[in-house]
Amino acid sequence: MNLTLKIWRQKNANDKGKMVDYKVNDISPDMSFLEMLDVLNEQLVNKGEEPVAFDHDCREGICGMCSLYINGEAHGPDRGVTTCQLHMRMFKDGDTIYIEPFRAKAFPVIKDLIVDRSSFDRIQHAGGFISVNTSGNTIDANAIPVNKHDADDAFSAATCIGCGACVASCKNSSAMLYVGAKVSQFALLPQGKIEATDRVLNMVKQMDEEGFGNCTNTGACEVECPKGISLENIARMNREYLSAALKG
Amino acid sequence: MSGILNSSIGRKFAMALSALFLMIFLLQHFTINLLSVFSEDTFNSVSHFMGTFWLVQYVFQPILIFGVIFHFVMGFVLEVKNRNARQISYAKNNGSANSSWMSRNMIWSGLAILAFIGLHFYDFWFPEINTKFIQGDMSGLLPNGEYRYFEELQHKFVDVWRVVLYCIAFVFLALHLLHGFSSAFQSTGANNKYTKGLQGFGKAYAIIIPLGFVFIALFHYFNH
Amino acid sequence: MALDSKIPQGPIADKWTNYKNNIDLVNPANKRNIDVIVVGTGLAGGSAAATLAELGYNVKAFCFQDSPRRAHSIAAQGGINAAKNYQGDGDSTYRLFYDTVKGGDYRSREANVYRLAEVSANIIDQCVAQGVPFAREYGGLLDNRSFGGVLVSRTFYAAGQTGQQLLLGAYSAMNRQIGRGKIKMYNRHEMLDVVVVNGKARGIITRNLVTGEIERHSAHAVVLGTGGYGNVFFLSTNAMGSNVTAAWKAHKRGSYFANPCYTQIHPTCIPVSGDHQSKLTLMSESLRNDGRIWVPKNIEDVKAIREGRLKPTEIAEENRDYYLERRYPAFGNLVPRDVASRAAKERCDAGYGVNATGEAVYLDFASAIERYGKEQATIKHLDVNDKALVKKLGQEVVKNKYGNLFQMYEKIVDQDPYNTPMMIYPAVHYTMGGLWVDYNLMTTVPGLYAIGEANFSDHGANRLGASALMQGLADGYFVLPYTIGDYLSDDIRTGAIPTDTPEFEQAEKEVRERINFFISNKGSHSVDYFHKKLGKIMWNKVGMSRNVQGLTEAISEIKALREEFWKEVRVPGTNDEFNEELAKAGRVADYLELGELFAKDALAREESCGGHFREDSVELDGEQKGEAKRDDENFAYVAAWEYKGEPSAAVLHKEQLEFKDIELKQRSYK
């Protein structure tokens, strides 16, 4: 297939940036979206131009490094996939594809399509952990039985890959699905309950300080999340937060 | 507890609480209005009771006004903050792929409702306040000795344009409620096995109540 | 320099305990004055950084990704082994030790492996305490599954994302220490050299991948948890950024590189679809628990399939060759990875490959779906003879077990694996070789440690499934934090290491010169052009099956390619910005050296063992005819290569392996 690409180019954080048009030809429908960009970049390098910078690493949908807002959706039009798992068979010959970085004040652009998501890390520093040392002398794993449904729900919350699609898709650039997932994972497990109060207060405080918007429950995040993290996690965080705020 | 309103979740919780309060008020308002369709007398006596009973006038009414103002002010504050959270907008954004129009445009449906409330106050509330508290006429009676409430109501729905405006406003109210009802519950943290049922109920509420108001307006327009 | 593996004395079961009882410790007040650099934040690096910080050391951690959580450990799917014996099926520390040594084809160090098996149980306790959501049974206790090459169920898992959950556990432990200020985290930083001062590793040179800034970082010890080098093949299941640079720089600064030729080719990957392919996707080995591997018996059927005239589901049972079940009745589809991969290659080389390129075999779930379906129908008192119902029920069970993998397959291949068999083919997955380390996990450069996949120690010539996660976390949580104390106890009076010394200056200068070369070279080909060429040489001549001629050719071809690279490589852009081509150029330059050493090592090892298969070393007769033939008399050693300029000049040092607790036997899975 032959495609027209409209790609955000921005030299560095201080540059203004603009959309630039490119053409790629002979794209196979079996290619992944990033492989299509590889083809473009190979073309650009051979012409002596600067390739388009984009984040990517594992290319199997689990590291959460790839981003991209493709034709108006985080990770493109397919569901339940990251950009690296998006295949060109989702597009048609002659299509024009818009490719933009994830946009949010808390995700400043570094270059072209690469954004800085360290705000996510800082939220985790504030409380995304259980305070146990790795002494090797903790109690036997089976001494902490966990109800299977809770364990499954905790796992579902923990499948979040931290890509930021929720923030990018949210009209308010809210990070509540991301934070809600982590809060939920620990809130559902007996090991996590001990610090639950401080954890949710600290993580939400940090989230607010990073400049993310507020949640207005549009549900866009859940739809665009490559791992299908449920809105239930936001509701759970709200509950956890309110009861923690009333307590402390 | 202090500072809870400075946090994002605290704010959205407050937004949800005020919304739930307003939805209860709306139900009450609707119920009384509906009486006007069935019985002029009942409507008049209930209206008079509401308009003169001290608890309603001096306690509930200020709370309601506060609730309305709070909901609007907080709505605008959050909207401004949320807009600030993304400084460069997307060249192409396909919002309809992942969310409803209603959920993305609460600010516009809200503004339409605010404009309507202005009109509604102009029509009913200001004259009411004028009669009762400036002219000091707490009798609720017309010169002919009958209650004035039903009469005033019918009088307002003579003008076709007013009726049209009211109907449009109710459409916006429906749009606002279609997202707002379930959103309020989600914000308060209620997301459990009842959520699906609640969402269904919310949809019904969001459609039936505004539709009922439209019906009442049209009823009086055609029956005056 | 003679290799001293520093294995403690005493019976194998007591070595680690005795060792811990007798090493020097650093008192808590002194730990505050000691800096440790940890490069890489995967399971090994992340867990080491967190634990060292907990102990009180000042840790500086580095990763090239934008967050430590993205290290490639995250992609591990299947699970993590631990000798918990929760299933009561006869597992024990000894059995895990035995399976790992046997699975590694007797090319690993007994003492290290025993220690690994010993601490494995602690890992599970630790991870559960951290909130890692392992799969559980209805009673609330932990669930286990079985994995290839073993006869017990000892694998703990979290659906098909065990690596992610364990890494997030280590990441959370790091976050706690970052929040406390005990770890200083450097994201988007790539290590470009080790600095050795007076014979000891005292720091590293890094490049900030965002600004291009070259930075000096000093410490009392340097720990490399930088993963494997599978990307030397260009196509592998490794992440795009996975690279050998850190390990290779360590090698150039004096660390011996051990067994570079031991590569694990994983049998269940999605086949290559075309030249555009940038990486290969692995499907968890756990699929082999329920999937049956086959190719058609008749070559006519193969042709018909390739031409699209026949569907695999239309081939009758008797016309299918379940070659693993046929060749290895005892283990069947659960033979170790190297055996399964070679068997697939054998069938495809014989012309039975089932896709257009002739490089794919079927992994079929129809039998499992039927079996589970009947089981469910029985439980639910439904009609077991209703085929449609049985299929539906069976598909639900399979979906619960492997749903995410099936979905992934469908997205990539555009075929529904619930109704037609999957196509799979082996792909490069893991490298058992790596920096040589002693029992303390220290390389031949004092103060320079290598942990996880970056070292060579525990998996011998072949790694068993679900053992990589175990080793990474064992090294990082439970081994290195002890052993490093023994070394650092000498440094309590050293004070902070200055970075304005000639050694740092020299190292930085070399790094800058290389970068400037890339930026200013007016070549004609992109970095990927060379990387792909290298990959082709490696895959064709140093891949699953190796011979003298191919290896000799590979050595000279890689050398020639390297020379061409240094003349013709083209890197756009500048140094002082985000420049991925520049970063890639440095990595490929190192691969071009490693690749040659890799082939040289493969040539020198004139035996077949584990993942290293030499066509000139096979059993010629008997029951094992055609199977790999190990040569314990001449090759029961670790090949540790010393850097001497060109890879061709590398000097071989041998660490003889002794097997006191396990009898050396032919690895039979028949």
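Colleague: What sequence of elements makes up chain B, from the N terminus on?

Modeller: The elements run α-α-α-α-α-α-α-α, and chain B has eight helices and zero strands. A helix is a DSSP run of H or I with at least four residues, a strand is a run of E with at least two, and numbering goes from the N terminus. This is a predicted model: local features need pLDDT of at least 70, side-chain atom pairs count only at pLDDT 80 or more, and totals for chains, interfaces and linings use all residues. Residues are numbered from 1 along each chain as its sequence is written, while chains are lettered from A and ligands numbered from 1 in the order in which they are written.

Colleague: What share of the residues in chain A is called buried, and what share in chain B?

Modeller: The test is 20 or more other C-beta atoms within 10 Å of the residue's own, with C-beta atoms placed from the backbone; 12 or fewer is exposed, and in between is partly exposed. Of the 248 residues in chain A, 62% are buried. Of the 224 residues in chain B, 26% are buried. The C-alpha trace of chain A spans about 60 × 35 × 35 Å along its principal axes, and that of chain B fills a box of roughly 65 × 40 × 35 Å.

Colleague: How many residues of chain B are in contact with chain A?

Modeller: 36 residues of chain B are in contact with 40 residues of chain A. On the chain B side, α1(B) supplies the largest share, six residues.

Colleague: Why are β6 and β8 of chain C said to stand at the edges?

Modeller: Strands pair if DSSP finds at least two bridges between them. The open sheet has three strands in the order β6-β7-β8 (chain C), with antiparallel pairing. β6 (189-197) and β8 (214-218) of chain C each have a single partner strand, so one side of each is left without a neighbour in the sheet.

Colleague: What makes β7 and β8 of chain C a pair?

Modeller: β7 (residues 200-208) and β8 of chain C are joined by five bridges in the antiparallel sense. The cut-off is at least two bridges, so the strands count as paired. One of the bridges joins C:G203 to C:S218 in β8(C).

Note on methods. Contact = placed C-beta atoms within 7 Å.
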